[in-house]
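Q: Could we go through this structure together? I would like to begin with the sheet and then turn to the charged pairs.

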Amino acid sequence: MNSRERFHAALNCQPLDRPPIWVMRQAGRYLPEYRALKEKYSFLELAQTPELALEVTLQPLKRFDLDAAILFSDILVIPEALGQGYHFRDQGGIGMNYRLDTRDQIDVLDASAIKEKLSYVAQALKLISAELDGSKATLGFGGSPWTLATYMVEGGSSKNFERVKALFYSDRSSFNALMEKLVAALIDYFRMQVSAGAEAIQIFDSWGGIISGNDYYEASLQWIKQIIDAVRDEVPMIIYAKGTAPHIARQAATFPKAIAVDWTIPIQEAAKQVPANIAIQGNLDPVILDTTPEIVRQNATRILDAMRDRPGHIFNLGHGILPTARIENMEALVNTVVGYTG
Ligand code: CP3
């Protein structure tokens with residue numbers, strides 16, 4: 001069984017000798033070859049030039065025996081395609097080129113022609129799946145409507161998220177108008193990714209955990225559900241959310257193919273809340289990759305042991321890999337998973 005087959009078998013909850021492994025933001029700043037490319041090109045140049053996006057996507061796969069490749073891009077290409085560009089702030093974090101302050105600004109966002117505006121993503125995916133040629137799974141992704149809205153309404157990265165929450169609580173009609181545009185754009189975007197070679201799509205609800213638990217469904221999950229309902233028959237969907245361990249059963253009720261969990265819940269407890277035909281992905285704390293190979297092995301083995309008898313496990317970090325991750329630790333992690341014999 002090759003890597004790609006292993007990935008799909010896990011998504012389909014078939015029993016396996018060991019889970020497949022991939023990591024999020026694997027093309028991150030922890031790799032010297034990525035930093036070298038960043039000396040020459042900006043992030044946007046890398047993401048928007050299909051040949052460079054291909055190269056960055058493959059960098060971690062050349063070093064590590066991972067089972068799936070995730071497209072190199074960003075969730076913020078969707079706001080950009082709608083007319084709200086973004087940049088990286090010098091002090092770190094994201095800045096949007098302006099902030100959504102008024103209903104008029106929401107109404108002029110243009111969710112049409114996503115395929116044309118983001119054709120460079122399709123080109124990159126085509127290059128990636130041609131290069132991998134069935135050996136590894138090719139993953140596409142996008143942000144959840146709620147997580148994208150946090151950046152769009154706050155004007156970038158945020159600490160307390162007061163503006164997007166104020167919009168949700170005090171102007172529901174404008175909030176819903178924004179979410180409807182994002183849902184429409186994301187459905188088109190995911191369909192484009194699938195026709196370009198994406199074999200599964202991960203929705204990143206990175207900020208799903210910042211809204212009151214009472215309102216998580218209304219603010220975030222219902223919009224994810226609309227997307228999943230639209231594309232479920234076309235592609236396996238994976239929900240990733242951070243800080244939403246209390247909502248795992250409700251996420252499962254939207255019937256994604258897999259649920260990716262952060263590190264705040266023991267993975268076997270997450271698995272108990274999910275029907276046997278939905279896979280679980282996770283959930284090593286990325287900070288563990290800053291420690292030592294021995295600590296990495298212990299913590300990875302604990303997850304592997306906990307999931308040994310639960311078909312449908314995809315090994316992953318509980319969030320994206322950090323720039324401070326050590327390469328020897330990433331090696332120890334992959335070797336631990338790939339060499340796992342139960
Ligand atoms: O593995 C991969 O490389 C896949 C590509 C990928 C990136 N971003 C590339 C990237 C994926 C899947 C993302 C998702 C993404 N982007 C999310 C959801 C996942 C998560 O992390 O919660 C979010 C919230 C974003 C928005 C974003 N992009 C942030 C908050 C940042 C960090 C800004 C900072 O200064 O810390 C980015 C930058 C980014 N996206 C990098 C990469 C490799 C680092 C860019 C660099 O400095 O080279």
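Predicted model: local features only at pLDDT ≥ 70, side-chain atom pairs only at ≥ 80, totals over all residues.

Q: In what order do the strands of the open sheet come?

A: The order is 1-4-5-6-7-8-9, with 7 strands and parallel pairing. Strands (E, at least two residues) and helices (H or I, at least four) are DSSP runs numbered from the N terminus, and two strands pair if DSSP finds at least two bridges between them.

Q: Which strands stand at the edges?

A: Strand 1 and strand 9 (313-317) do; each has a single partner strand, so one side of each is left without a neighbour in the sheet. On average, neighbouring strands are turned by 25° against each other, direction ignored.

Q: How many bridges pair strand 8 with strand 9?

A: Strand 8 (residues 279-284) pairs with strand 9 over 5 bridges in the parallel sense. Gln281 has Ile314 in strand 9 as its bridge partner.

Q: And strand 5, is it buried or exposed?

A: Of its 6 residues (200-205), 6 are buried, so strand 5 is largely enclosed by the rest of the structure. Buried means under 20% relative accessible area, exposed over 50%, and partly exposed in between, with a 1.4 Å probe and protein chains only. Ala200, Gln202 and Phe204 lie on one side, and Ile201, Ile203 and Asp205 on the other. In a regular strand the side chains alternate between the two faces of the sheet.

Q: What are the partners of strand 5?

A: Strand 4 (residues 137-143) runs parallel to strand 5 and is joined to it by 5 bridges; Phe204 is the bridge partner of Gly143. Strand 6 (residues 237-241) also pairs with strand 5 in the parallel sense, over 5 bridges, and Ile203 has Ile239 as its partner there. From strand 5 the chain crosses through helix 12 (residues 216-231) to strand 6 in a right-handed β-α-β crossover. Right-handed means that, with the strands pointing away from the viewer, the path from the first strand over the helix to the second runs clockwise.

Q: Changing topic: which residues of helix 10 are buried?

A: In helix 10 (residues 162-170) they are Val164, Leu167 and Phe168. Seen down the helix axis, they fall within an arc of 95°, so they line one face of helix 10. The arc is that of the directions from the axis to the C-beta atoms.

Q: How many salt bridges are there?

A: The count is 16, a salt bridge being a side-chain nitrogen of Lys or Arg within 4 Å of a carboxyl oxygen of Asp or Glu. In one of them, Asp67 pairs with Arg18, and the closest N and O atoms are 2.8 Å apart. This pair links distant parts of the chain, 49 residues apart. Both Asp67 and Arg18 are buried.

Q: What about Glu33 and Arg63?

A: Their side chains form a salt bridge of 2.7 Å, N to O, linking helix 2 to helix 4 across 30 residues. Glu33 counts as partly exposed at 24% relative accessibility, and Arg63 does at 35%.

Q: Which residues are linked in a network?

A: Arg99, Asp101 and Arg163 are linked by salt bridges in a network.

Key. Residues numbered from 1 in each chain as written. Heavy atoms only, no water. Axes fitted to C-alpha atoms, helices over the stretch in contact; angles between N-to-C directions.
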